[in-house]
Amino acid sequence: GGVGPNPLPPPRRFFAVQVSGDSPYMYVGICYEGCATSESYTPQSVVWRKHSGDLFVHGVKLTKPKYSTAKALPSIGIQSSEETAGGFRAGDVVGVLVDVEQGRVAFYCNGVLARTVSGLQTSSPIYPFLSLGAPDVSAELVDVATEPSTPRDFTKREAPTAGGWLAKF
């Protein structure tokens with residue numbers, strides 16, 4: 001696993017990675033200070049798993065939803081497919097929006113909201129986290145020009161600052 005060198009500053013931050021490789025052993029999310037990087041998921045992390053779409057929240061597995069976000073939003077023209085239901089695949093851009101103040105994290109696949117989690121531990125610094133559990137998987141940090149829409153109950157977006165947080169990651 002790997003942890004970003006700097007904690008995510010409040011009130012909220014977004015980062016995204018481009019996914020490569022066929023193995024399902026990749027996890028993207030956040031972790032707290034002191035998280036063991038030798039493990040894919042721990043009581044100190046919140047991660048989303050490639051392919052299965054399972055979430056691991058503080059070491060507890062939550063299975064993928066029985067429906068995809070895409071199927072729930074046909075009126076805005078999002079096409080439903082197996083790729084959008086649950087997990088992410090090679091070629092996808094996985095986004096993670098962390099609301100440090102509200103203790104929430106949202107996961108996106110190619111700009112479409114896939115999963116949200118509340119109950120983050122806000123008393124400890126929160127870091128970006130990536131676990132590559134097989135030699136054929138990789139991820140590259142990407143600069144996303146526009147942040148996806150803000151989920152309900154998240155702190156509203158601030159105006160970006162020059163050289164922002166991403167430049168330090």
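**View 1. Aromatic pairs in the predicted model.** A search of the whole structure, which is a predicted model, finds 6 aromatic pairs, where rings of Phe, Tyr and Trp (its six-membered ring) pair if their centres lie within 6.5 Å, and planes under 30 degrees apart count as stacked, over 60 as edge-to-face and the rest as tilted. One of them joins tyrosine 27 and phenylalanine 56 in an edge-to-face arrangement, with 5.8 Å centre to centre and 70° between the planes. This pair links distant parts of the chain, since tyrosine 27 lies in strand β3 (residues 26-32) and phenylalanine 56 in strand β5 (residues 55-57), 29 residues apart; strands (E, at least two residues) are DSSP runs numbered from the N terminus.

**View 2. Surroundings of the ring cluster.** Tyr27, Tyr41 and Phe56 are linked into a cluster by ring pairs. Tyrosine 27 counts as buried at 5% relative accessibility, and phenylalanine 56 is likewise buried, with a relative accessible area of 5%, where buried means under 20% relative accessible area (1.4 Å probe, protein chains only).

**View 3. The open antiparallel sheet.** In the order β9-β8-β7-β2-β11, 5 strands form an open sheet with antiparallel pairing, two strands being paired if DSSP finds at least two bridges between them. Strands β9 (112-118) and β11 (138-142) stand at the edges, each with a single partner strand, so one side of each is left without a neighbour in the sheet.

**View 4. Strands β2 and β11.** Strand β2 (residues 12-20) runs antiparallel to β11 and is joined to it by 5 bridges. Within β11, alanine 139 is the bridge partner of valine 19.

**Notes.** Residues are numbered from 1 along each chain as its sequence is written, and side-chain values use heavy atoms, with hydrogens and water left out. In this predicted model, local features need pLDDT of at least 70 and side-chain atom pairs count only at pLDDT 80 or more, whereas totals for chains, interfaces and linings use all residues.

Technical notes. Helices (H or I, at least four residues) and strands (E, at least two) are DSSP runs, numbered from the N terminus. Buried means under 20% relative accessible area, exposed over 50%, partly exposed in between (1.4 Å probe, protein chains only).
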